[in-house]
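Dear colleague,

Please find below the structure that I am handing over to you. My findings come after it.

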Amino acid sequence: MRVCNYLEIEGWLDRSGIGTSVDHQRAALADAGVDVVTEPWADGDPASAAASKLSGGRFFRDVDLLHCNMIGPGTVAAVRGAKRSDTPVVLHSHVTREDFRDSFRGANLVAPALGRYLRWFYSQADLVLCPSDYTKEVLESYPVDAPIRSITNGIDLDRLEGFEGYREEYRERYDLDGLCAFAVGNVFERKGLSTFCRVAQRTDYDFAWFGTYETGPSASPTVKRWTSNPPENVTFSGWVDDVRGAYAAGDVFFFPAKVENQGIVVLEAMACGKACVISDIPAFREYYEDGHDCLMCSTEDEFVEALDRLAADPDLRERLGENARETAREHGLDRVGERLVEHYEQLR
C-alpha cells in the first residue's frame, strides 16, 4: 500500500504536538510495511507539479490513500485532487474550535468561524481520525458528516531512551533545585499557563516550563504577561535542544491544561516514569486513571495539595511513576501502525 501522509506547513509545525503526532504516524506506518510519501504533488511542490502537468505529466502523486493532518488551502487542494481520482481520503483532526481557543492573540474571536469551517472541511473525508473519544464527540456535535474514529497519537519510546543521563546538565543549566514541578510543550493559556504560575506562587518548589512561547504580535496578552514577568520560582526555558533533558530535569509533571485532545507530553512524561499531576478533563479521564498512574485535579487548591502530597511521599511518586510507564507502553507505535492499516484497509 502506498500512502501520502501530508502535513501542510510542516516546517512551521515541527516543534508542535501536531508535528510530533505526524512523525509518530509515519514511523508507525513504515514499521508496518506501508510505503509512505509526504507530499501530494507529483514533482514535490505545487509549482513543479503544475509545470509537469502542462507538459503532459501528473499534478498529484499516484497513491492508494491520502491522509492529511492540517486544514489549510494546500490540504483542500490535495483532497479535491484525490476525490477526482477516487482515492480514499483520511483527515486527521488535530485542530478543533475548542482547542484553538486560548492559544494565540485573537483566537477566541476567530473560533466560532473556525468551527463552521471545520464542520465543512472534515465532512470532505471518507474517514476522520482523531486522538480520543472526547474529540470524536466534539466533532459529532458540529456536526461533521463523515465517519469518525479515535486512535491514540502514540508515543515513540525510542526517542526518550537515555533521558536519565541529562538530569545534572539540565538542572544546572536552568538553576533547578529540590523537587521540580515541570511542563513540556508550547506555552499557551489553554495548556494551563495561569494556573501553573498561580500554583507556583503558593508553593516553595521550583517550577519549569520547557517549551517555546510567542513574543511577537501573535502572542496572547496572558502569555506575554507571565513569560515576561514570571514568579520567582518559575523558569520558562524556551526551546530546548533535547527534550530528554526536560524530562530528566523535572520530578513531577504538572500539566493543568484546560482542553486537550490527548496530550502527547503526558504520555512522554509517563514513559519516563514521572509522577503526573494533570487536569480532570475528558480526554485525560479517557486515557489515564486518577490515583493509579496520575493525580487528577480540578482546582488550584487541589493542584497545590497534590504537589505537596508527592513532595512528602517519595513512595507515592514511585508507585505512580511505575504505573505510568505501563500506561505509556500501551500507546507504542506498533499499535498505532496496526490501527492505521486496519482503518486504511476498510477504505480500499
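The structure is a predicted model, in which local features need pLDDT of at least 70 and side-chain atom pairs count only at pLDDT 80 or more, whereas totals for chains, interfaces and linings use all residues. Residues are numbered from 1 along each chain as its sequence is written, and side-chain values use heavy atoms, with hydrogens and water left out. Helices (H or I, at least four residues) and strands (E, at least two) are DSSP runs, numbered from the N terminus.

Six strands form an open sheet in the order 2-1-3-4-5-6, with parallel pairing; two strands pair if DSSP finds at least two bridges between them. The edges are taken by strand 2 (35-37) and strand 6, each with a single partner strand, so one side of each is left without a neighbour in the sheet. On average, neighbouring strands of this sheet are turned by 25° against each other, direction ignored. Axes here are lines fitted to C-alpha atoms, for helices over the stretch in contact, and angles run from 0 to 180 degrees between N-to-C directions.

Strand 5 (residues 127-130) pairs in the parallel sense with strand 4 (residues 89-92) over three bridges, and Leu91 stands opposite Val128. Strand 5 also pairs in the parallel sense with strand 6 (residues 148-150), over three bridges, where Arg149 is the bridge partner of Leu129. In a regular strand the side chains alternate between the two faces of the sheet. In strand 5, Leu127 and Leu129 point one way and Val128 and Cys130 the other way, and all are buried (under 20% relative accessible area, with a 1.4 Å probe and protein chains only; exposed is over 50%, partly exposed in between).

Strand 5, helix 6 (residues 133-140) and strand 6 make a right-handed β-α-β unit. Right-handed means that, with the strands pointing away from the viewer, the path from the first strand over the helix to the second runs clockwise.

Strand 7 and strand 8 pair in the parallel sense over five bridges, and Cys180 has Asp206 in strand 8 as its bridge partner.

Among the buried residues are Leu193, Phe196 and Val199. Their cover includes helix 9 (221-228) and helix 13 (300-312), where contact means heavy atoms within 4.5 Å.

Helix 3 and helix 5

The axes of helix 3 (residues 73-84) and helix 5 (residues 107-122) come within 12 Å and cross at roughly 25°. The two helices are therefore roughly parallel to each other (angles under 35 degrees; over 145 counts as roughly antiparallel, 65 to 115 as roughly perpendicular and the rest as oblique). Thr75, Val76 and Arg80 in helix 3 meet Tyr117, Trp120 and Phe121 in helix 5.

With kind regards
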